[in-house]
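Subject: Structure handover

Hi,

Here is the structure you will be working with. My notes on what turned up follow below it.

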Amino acid sequence: QNEEKWDFVLVSDIHAMGSEKEIKRKKFLDELSKKGFTIKKIEDTKLFYGVRAPQQIFRKYQCLLGKPDSKLQNHSAPQDIPVTTRIRIVHYILQNTVTSDFEKLRHLIKKKVFEAAFPLHEKEEVREFLKEKWARWRGIFSEQPIEKIRCYFGEKVALYFAWLGWYTCLLGVAALAGVVTFVAGITVFSSSQVSREICEANTTIMCPLCDQKCPFWVLSDTCTYAKVTHMIDNEATVVFAMFMAIWATVFLELWKRQRAIVVTDWDLYRWDEEEEELAMELINNLQQKPRLYQHSYFRSTIVLLLVLLMIVLLIGIAHALVIYRVIATALFTQSSFGLLREQANTMAVMTGAVLHYVTIVVMTKVNRRVALFLCNLEKPRTFSQQENNFTVKIFTFQFFTNFSSLIYIAFFLGRINGRPGHYVRIAGRWRLEECHPSGCITDLFIQMAIIMVLKQTISNVMEYLIPWVAHKLRKKHKQPKKRSMRLGEEEEAEDPCKRQWLSNYELNEVNIFSLFNEFLEMVIQYSFTTIFVAAFPLAPLLAFFNNLFEIHLDAIKMVRLHRRMVPRKANDIGIWLQVLEAIGILAVIGNGLVIAITSDFIPMQVYKYMYSPCVRENRTDMDCSTGYINHSLSIFRIRDFEPYTDVPEMLPDFDRDEIKEYRDYRNADDYTYTVQFWHIFAARLAFLILFEHVALCVKLIAAWYIPDVPQRVKNGILRRKHSDLCKELRWVMPQKV
């Protein structure tokens with residue numbers, strides 16, 4: 001036999017003879033030997049133990065589960081089972097073999113008895129194909145070889161890439177719609193009546209933006225900002241938001257169909273994960289009793305309280321970002337640098353967005369540890385259950401980490417800050433930020449653009465560079481020792497396994513959540529692409545280009561830079577589907593709220609149909625939004641400023657005692673809300689209810705209209721059932737005769 005095949009390799013430091021670690025290692029290896037495993041030892045800078053399971057283990061598996069992998073078998077060796085299944089069975093046995101000290105492999109790895117345990121990247125035809133055709137940047141527009149990915153990495157990884165490919169494909173449609181919306185906005189860049197009014201308002205004096213050193217300012221100074229705002233905030237945005245709510249549903253429904261086709265081809269449509277787990281337990285230990293389902297209300301209550309505590313902490317971090325922006329605005333307005341002083345609010349938004357990105361990076365690591373701790377508290381029955389519990393918790397934490405700041409900007413910024421003469425203040429000193437007279441949607445646009453660009457550039461570069469550099473360093477670290485070994489043992493032929501095991505050991509470590517990390521990254525991106533897409537129509541385009549690279553980045557990592565992942569069997573993407581459906585509902589709510597609250601769409605419609613010259617004077621020769629800006633400003637008397645406000649010098653050519661203006665709907669006498677404010681409030685509420693009900697109804701209709709399972713899959717299953725029943729009947733019929 002020229003090349004020996006080994007299922008797994010265990011790596012250990014060289015321990016002193018008779019030491020506690022050496023004894024524990026020997027006990028574990030003895031337990032494997034009792035189960036019929038073949039073990040081969042190779043010594044280098046570390047000790048390497050190759051393990052190969054006996055054929056009877058795999059025969060038991062085929063016997064228990066009725067040869068479920070028959071489609072993957074090599075025709076020249078009909079008794080063999082796929083390498084992916086071999087690795088999965090051996091991995092389960094290794095993880096569940098108990099020594100006489102009642103220790104499992106994970107305990108021994110914690111105690112540094114073993115350093116690592118991994119399956120080998122084989123130099124087989126499938127891997128070479130994946131390496132050359134798939135895990136290369138030049139194959140970026142090529143179709144993914146899903147079947148070959150399945151043969152090498154197992155069903156779970158193959159389904160991830162099938163889902164990611166499908167998502168990217170349909171993102172192309174959403175990206176096109178987003179670009180059309182954005183281009184439609186650019187066409188009204190200078191022609192919008194509202195932005196034209198702001199640009200011409202050179203006699204409208206606005207209240208100072210801060211308490212100290214901030215001047216009165218003329219509304220026309222913000223002409224460019226107004227044009228940008230109305231480029232994002234227009235009628236096309238409302239249509240696009242509705243489109244994206246429907247797109248999210250159609251995408252999921254079409255994915256369910258695609259998944260049904262794929263898993264039916266793999267003969268896994270009716271595969272039972274629980275049955276597989278029980279079979280594995282019995283193969284490992286015939287006396288093993290099944291682990292029963294358990295539920296503790298006390299433990300669940302503790303976990304729930306800790307989750308709520310963590311959410312409060314994440315909201316607290318969002319509040320800290322708000323405080324930073326408030327203080328940064330105050331400091332920038334007092335700067336001696338002219339440009340910084342003039343653009344204080346925009347600079348505070350941009351630096352706040354960068355700081356938000358930093359908190360996302362830091363809190364992602366914290367969230368992972370907390371979610372894992374909470375999962376261990378729950379004591380899940382199986383790994384699959386643990387993964388589901390972990391998914392729900394980490395997604396909840398990541399959602400609040402990523403979106404708390406965006407939720408504040410979208411729905412609270414400029415709405416809870418009070419009014420001139422009676423501002424809401426932090427610590428009684430710094431007043432909260434105000435919205436621009438054109439609205440707050442541009443702030444949301446800037447925040448989303450910065451976070452998405454940073455996440456998709458820096459994060460992806462680091463995701464590739466860290467494993468690549470780590471791999472190069474590990475190889476470099478190993479080389480000197482290898483040379484000294486060769487000098488000392490020149491005559492001795494090198495074991496063919498040694499080089500292969502060493503090269504696999506030099507690759508980056510993978511853990512049980514390696515694939516989970518990729519899913520989480522994509523689902524958070526999907527959230528950005530759908531939930532606040534009304535404020536940032538280019539989000540699908542950014543996501544589309546990112547995913548073209550992401551597919552091949554993940555492929556290169558898995559095939560070239562990381563050790564082989566333990567293949568896992570699956571017939572769907574698991575609990576991620578429910579998470580994606582929840583995001584679809586949040587997208588309807590989020591976009592409805594953005595249009596109703598953040599956007600100026602509703603106030604403008606109320607003005608057009610209730611207060612404009614078209615209604616009041618029955619005029620049809622002018623744009624109905626004429627006079628909107630002047631109508632949306634309220635009057636403030638300078639003498640009513642708070643005592644500690646440093647009232648600035650009046651602008652030249654204007655009377656100091658003139659009344660000044662600010663963005664709100666209040667009476668000039670007592671600063672109470674006007675009737676128009678309540679009309680707009682009612683219209684916002686009515687639109688929100690209407691938008692969400694219409695969008696949810698359309699989603700339900702789309703879900704009903706597109707069947708989850710295609711007809712050919714249903715008919716194929718029906719024919720197979722009929723065929724099986726006919727075979728059963730043939731066995732019965734002769735006995736009756």
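**A buried salt bridge and other charged pairs**

Glu253 and Lys256 are both buried. They also form a salt bridge with each other, the closest N and O atoms being 3.2 Å apart. Both sit in helix α10, three residues apart, so about one helical turn separates them. Please keep in mind that this is a predicted model.

The count of salt bridges comes to 26. One of them joins the side chains of Lys5 and Glu122, at 3.9 Å from N to O. Lys5 belongs to the segment before β1 (8–12), while Glu122 is in the loop between β4 and α5 (125–134), so this pair ties together parts 117 residues apart in sequence. Lys5 is partly exposed, at 45% relative accessibility. Glu122 is buried, at 7% relative accessible area.

Another salt bridge links the side chains of Arg86 and Asp7, at 2.9 Å from N to O. Arg86 is in helix α3 (residues 83–96) and Asp7 in the segment before β1, so here the parts tied together are 79 residues apart in sequence. Are Arg86 and Asp7 buried or exposed? Arg86 is buried, with a relative accessible area of 15%. Asp7 is buried too, at 7% relative accessibility. The cut-off for buried is under 20% relative accessible area, so both residues qualify.

The protein has 737 residues, and 51% of them count as buried. It has 25 helices and twelve strands. Along the principal axes, the C-alpha atoms fill a box of roughly 100 × 75 × 55 Å.

**The cavity**

How many cavities of 30 Å³ or more does the structure hold? It holds one. The volume of the largest cavity is about 60 Å³.

Which helices each supply at least two residues of its lining? They are α12 (297–333), α14 (344–378) and α15 (383–411).

By type, the lining residues of the largest cavity divide into six nonpolar and five polar. No charged residue is among them.

**An enclosed helix**

Helix α21 covers residues 601–611. Nine of its eleven residues are buried, so the rest of the structure largely encloses this helix. The buried residues of α21 include a run from Phe601 through Ile602, Pro603, Met604, Gln605, Val606 and Tyr607 to Lys608. Tyr611 is buried as well.

**A nonpolar surface patch**

Now to the surface. Which residues form a nonpolar patch there? They are Ile458, Val461, Met462, Leu465, Ile466, Trp468, Val469 and Leu473. Together they have about 690 Å² of accessible area.

Take Trp468 from that patch. Trp468 is in helix α16, which spans residues 441–488. Its relative accessible area is 36%, so Trp468 counts as partly exposed.

**Positive phi values**

Two residues are worth a look in a backbone check.

Lys112 has a phi near 65°, a positive value in a residue other than glycine. Where is Lys112? It lies in the loop between α4 (105–110) and β4 (116–118). Lys112 is exposed, at 54% relative accessible area. The cut-off for exposed is over 50%, so Lys112 falls in that class.

Asp267 has a phi near 60°, again a positive value in a residue other than glycine. The loop between α10 (235–265) and α11 (273–284) holds Asp267. At 35% relative accessibility, Asp267 is partly exposed.

Best wishes

Conventions:
Residues numbered from 1 in each chain as written. Predicted model: local features only at pLDDT ≥ 70, side-chain atom pairs only at ≥ 80, totals over all residues. Heavy atoms only, no water. Patch = residues over 30% accessible without salt bridge, like charges linked within 9 Å, V, L, I, M, F, W, Y side chains within 5 Å. Areas by Shrake-Rupley, 256 points an atom, 1.4 Å probe, with all protein chains shown as cover. Salt bridge = Lys/Arg side-chain N within 4 Å of Asp/Glu carboxyl O. Helix = DSSP H or I, 4+ residues; strand = E, 2+ residues; numbered from the N terminus. Buried < 20%, exposed > 50% of the residue type's maximum accessible area, 1.4 Å probe, protein only. 1 Å grid on protein atoms, 1.4 Å probe; cavity = no way out; pocket = protein on both sides within 12 Å on 5 of 7 lines; lining within 4 Å. Points joined across faces, edges and corners; volume = space filled by probe spheres on them. Nonpolar A, V, L, I, M, F, W, Y, C, P; charged D, E, K, R; others polar.
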